[in-house]
Amino acid sequence: MSIPVLRAETFYLPPPQLPAGAWDLVAPAERVFRWYEYRVQRRVTPPDEMLTGQQVYARINHSRWVVDCACGSAQVATPADPRTACTECGLGWIAVVFPDDPDAVEASLAELLPAERNWWHPDDPGPTAPAPVPTPPAEPLSAPEALG
């Protein structure tokens, strides 16, 4: 039996004290807001509208469909509801680009260990946020300096 690639509807589940189907009527992309509210214990309201002209590419990371936000946050996504909004920075709903056949992509990774299941959309230009500036390594202390 193969471990399936996780999607929003199989990752963002209700807390154990609620019935397993408690969020079945919540759209898969919106479940992250319910899940996040439970985890951080504060109200987080999903946006009302889609931002036009914005999109992000879905990728598989360690056997999960994920989308990254420019703020550095990420969340699990699903081709069943190809949109995302950030619970951290408040970025509104944007379109998520999945491959034409997500099931085929998942099947192509099925024989790998979950930690090795990684895939990037061939049209994904890569990170759009500026890369952090690396900090130069500190000079190592010599033995007498380290002892003080």
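Strands are taken to pair if DSSP finds at least two bridges between them; the elements themselves are DSSP runs numbered from the N terminus, with helices being H or I of at least four residues and strands E of at least two.

Residues are numbered from 1 along each chain as its sequence is written, and side-chain values use heavy atoms, with hydrogens and water left out. As this is a predicted model, local features need pLDDT of at least 70 and side-chain atom pairs count only at pLDDT 80 or more, whereas totals for chains, interfaces and linings use all residues.

## The chain as a whole

The chain contains four helices and seven strands, and read from the N terminus its elements follow the order α-α-β-β-β-β-β-β-α-β-α. Of its 148 residues, 34% count as buried, a term that stands for under 20% relative accessible area, with exposed meaning over 50% and partly exposed the range in between (1.4 Å probe, protein chains only).

The accessible surface amounts to about 9700 Å², and 57% of this belongs to carbon and sulfur atoms; the areas come from the Shrake-Rupley method with a 1.4 Å probe, and for residues only the protein chains shown count as cover. When contacts (heavy atoms within 4.5 Å) are taken between residues at least 6 apart in sequence, 56% of them join residues at least 24 apart.

## Helix α2 and its surroundings

Helix α2, residues 31-40, has Arg31, Val32, Phe33, Tyr36 and Glu37 as buried residues. The buried residues of this helix pack against α1 (8-11), β4 and β6. After α2 comes Gln41, whose phi is positive, near 60°.

## Aromatic pairs

The structure holds six aromatic pairs, where rings of Phe, Tyr and Trp (its six-membered ring) pair if their centres lie within 6.5 Å, and planes under 30 degrees apart count as stacked, over 60 as edge-to-face and the rest as tilted. In one of these pairs, the ring centres of Phe33 and Trp93 are 5.8 Å apart and the planes lie at 65°, so the arrangement is edge-to-face. Because Phe33 lies in helix α2 and Trp93 in strand β6, the pair ties together parts that are 60 residues apart in sequence. Phe33 and Trp93 are both buried.

Trp65 and Phe98 form an edge-to-face pair because their ring centres are 5.2 Å apart with planes at 65°. This pair, too, links distant parts of the chain, since Trp65 is in strand β3 (residues 64-68) and Phe98 is in the loop between β6 and α3, 33 residues apart. Trp65 is buried at a relative accessible area of 0%, and Phe98 is counted as buried at 12%. Phe11, Tyr12 and Trp35 form one aromatic cluster.

Arg83 lies over the face of Trp93, at 4.2 Å from the ring centre; for such a placement, NZ of Lys or CZ of Arg must be within 6 Å of the ring centre and within 35 degrees of the ring normal.

With a disulfide taken as a pair of cysteine sulfur atoms within 2.5 Å, the count comes to zero. Cys69 is in no disulfide, and the nearest cysteine sulfur, that of Cys89, is 3.6 Å away. Cys71 is likewise in no disulfide, its nearest cysteine sulfur being that of Cys69 at 3.7 Å. Cys69 counts as buried at 15% relative accessibility, whereas Cys71 is partly exposed with a relative accessible area of 41%.

## Two alanines

Ala74 is found in strand β4, residues 74-76, and is partly exposed with a relative accessible area of 45%. Leaving aside neighbours within four places in sequence, Ala74 is in contact with Val67 and Asp68. Between Ala74 and Thr87, which are 13 residues apart in sequence, the C-alpha to C-alpha distance is 9.1 Å.

Ala110 has its place in the loop between α3 (102-109) and β7 (119-120), where its relative accessible area of 24% makes it partly exposed. The C-alpha atoms of Ala110 and Pro4 are separated by 7.5 Å, although the two residues are 106 residues apart along the chain. Beyond neighbours within four places in sequence, Ala110 is in contact with Ser2 and Arg117.
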